[in-house]
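Subject: Structure handover

Hi,

Here is the structure you will be working with. Please open it next to this email and follow along.

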Amino acid sequence: MQFIIALQISLVGLAYGQFLPSFTNLSPYRNLIERRFTGFTNWIDCNSRLPVLFYYFADRDRGDYPRPSSFKLDPQVSYSCQQKSTSSYNGGASYDRGHMVTANHMDSNPQSIMDSNYMTNIAPQTGVLNKGAWLYVEEMIECIRDVNPLRVYGGIVLGDNTSNDIFLSSHGVPTPDWLWKIVENTVTGDVIAYLMPNNFEPYRDRVDRYLTTIKDIENKSGFIFSNFNDFQRNKLHTKSWSIPPGCDYS
């Protein structure tokens, strides 16, 4: 198992898309474990026991394997660096076991979709966010990837709000204050970025409120990506990409 301590991380050659992002780590996370799954890669912070960064290449949907019904601990990561439980988040509030990389984008491969249900791909996420604005972006990716291949980057920001850290006893993890996602169209070069609060406000019809720039995400997260140019880094959309009509969400 390799702990990544160095600030500069440069990785290339992943089988899915033949690319991994190169980034400088100015985040608070210093005990990062790079976990390469079949079809996506997560960086897990051993201290918080959470996936704090993820990347995958989303090309045309070629399958519809079913998502597993249960969540499991990851056999490739030390149990001291992942959540203490696979159970639901029961803390008196409506939180889901929220996927960082959605299972639906991994359904072309039975191993990939199984990997997506490991707890090293899960973080506490409000049901409003998980089924609202976050889901809209997942569906947007699901549909546009059938037109143009996409690169998808994302992660969490723990923030300084400790009032929502209600799963420390049960799961050993704090609750992220923010989730973010960057989507890059590999054909057009266009990018779109979101920074969403992990609270009870990000309903689906509010998704455009959370549009931001890559630069803002870099400042908030501490992960500085080297593969975006200045134009991409400062691009601010005012409206989400449209979902093509007749899209099959399966």
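The link between cysteine 143 and cysteine 247 is left-handed, with -95° about the S-S bond. This is a predicted model, so please read every value as computed from it. The sulfur atoms of cysteine 143 and cysteine 247 are 1.8 Å apart, and the two residues form a disulfide. Where do the two ends sit? Cysteine 143 is in helix α3, which covers residues 133-144. Cysteine 247 is in the segment after α5 (230-233). The pair therefore ties together parts that are 104 residues apart in sequence. Is cysteine 143 buried or exposed? Its relative accessibility is 3%, so cysteine 143 counts as buried. The cut-off for that is under 20%.

How many disulfides does the structure hold? It holds 2. One of them joins cysteine 46 to cysteine 81, with an S to S distance of 1.8 Å. The link of cysteine 46 and cysteine 81 is left-handed, with -60° about the S-S bond. Cysteine 46 lies in the loop between β5 (40-45) and β6 (50-58). Cysteine 81 lies in the loop between β6 and β7 (95-99). This pair therefore ties together parts that are 35 residues apart in sequence. Cysteine 46 and cysteine 81 are both buried.

Now number the bonded cysteines of the chain in sequence order. The pairing then reads 1-2, 3-4.

Next, the chain as a whole. Its secondary structure comes to 5 helices and 13 strands. The C-alpha trace spans about 45 × 40 × 35 Å along its principal axes. What radius of gyration would a compact globule of 250 residues have? It would be near 18 Å. The chain has 17 Å, which agrees.

Contacts and burial come next. Take the contacts between residues at least 6 apart in sequence: 70% of them join residues at least 24 apart. Buried residues make up 56% of the 250 residues in the chain.

Last, surface and charge. The accessible surface of the chain comes to about 10,600 Å². Carbon and sulfur atoms account for 50% of that surface. The chain has 22 positive and 25 negative charges. How far apart are the mean positions of these two sets? They are 2 Å apart.

To get started, find cysteine 143 and cysteine 247 in the viewer and look at their disulfide. Then turn to the one that joins cysteine 46 to cysteine 81.

Best wishes

Note on methods: Residues numbered from 1 in each chain as written. Predicted model: local features only at pLDDT ≥ 70, side-chain atom pairs only at ≥ 80, totals over all residues. Heavy atoms only, no water. Helix = DSSP H or I, 4+ residues; strand = E, 2+ residues; numbered from the N terminus. Rg over C-alpha atoms; globule rule 2.2 N^0.38 Å. Buried < 20%, exposed > 50% of the residue type's maximum accessible area, 1.4 Å probe, protein only. Contact = heavy atoms within 4.5 Å. Areas by Shrake-Rupley, 256 points an atom, 1.4 Å probe, with all protein chains shown as cover. Lys, Arg positive; Asp, Glu negative; His and termini not counted. Charge placed at Lys NZ, Arg CZ, Asp CG, Glu CD. Disulfide = S-S within 2.5 Å.
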